[in-house]
Amino acid sequence: KIATTCVRAGGFNEDRCTIVAARSDAITLPTPASLVVCELADHGLLGEGLLPTLREVLASGSAAKDACVVPRSAYVEAALFEDASLAKRRGPDDYRRQRCRGGASCAPARLGNARRLTPYVRVLDLSFSSPPARGAHAGAKVDLQVQKRGRVDAVGYRWRMDLGFGEGVSNEEDADAFQDHWWQMAQPLDSPFGIGPGVPFSLKATHTDTDIVFDVFFDAGFVT
């Protein structure tokens, strides 16, 4: 009903636009779609099935190979945070915690309330117009410059989506009010540790169809 209301309000009558209330994998279109709009972003970006949905639509022929996909792409930024409460948060509405290697987990958090020890660094780039195959995909290992002395309690991340046409949306701490329902994400460390300026530190992000997790490298050793 909401989709119908929005489409008709935009001036598209039944002769120009047909609304079909069904799963994307349960319909057959008379011709492949030239435009795919998919609003499946959650706090963690991938948890609502954005990648497998787009992969199925493009592979099944429901959409043309050169279809315009909205959103077009996204990138993920991560940083280190000091805030012991991040390990205890479940986020809004008992959000499904993302399980990570080593037993750590990601959950939504308001990172603007935590103490950030490093700048944000770009750790992942994802294409939605050509979604990756099913499975785990690792980004490059990225070095961080530690700016403040403190205790590393969690890796926090945020994302920004490119909608095309010069438009974008984000779950950044200072995002516009209409995007405020998206929180940032935090992966607590099993064993928090102290760190200070000049200490070598690296992150490597890995994503699956639904989760984003982090390997943490400190003094050339792996820290869980």
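Strands β1 and β2 run parallel and are joined by four bridges; two strands count as paired if DSSP finds at least two bridges between them. Helices (H or I, at least four residues) and strands (E, at least two) are DSSP runs, numbered from the N terminus. Between β1 and β2 the chain passes through α2, and this β-α-β crossover is right-handed; the term applies if, with the strands pointing away from the viewer, the path from the first strand over the helix to the second runs clockwise. Within this pairing, A33 has A63 in β2 as its bridge partner.

The model is predicted, so local features need pLDDT of at least 70 and side-chain atom pairs count only at pLDDT 80 or more, whereas totals for chains, interfaces and linings use all residues. Residues are numbered from 1 along each chain as its sequence is written, and side-chain values use heavy atoms, with hydrogens and water left out.

In the loop between β1 (33-37) and α2 (50-60) lies L45, a residue other than glycine whose phi is positive, near 90°. L45 is buried, with a relative accessible area of 0%; buried means under 20% relative accessible area, exposed over 50%, and partly exposed in between (1.4 Å probe, protein chains only).

A positive phi, near 55°, also occurs at F165, again a residue other than glycine. F165 belongs to the loop between β10 (150-164) and β11 (167-170) and is exposed, its relative accessible area being 68%.

The peptide bond from V70 to P71 is cis, with omega near 5°. P71 is located in the loop that connects β2 (63-70) and β3 (73-82).
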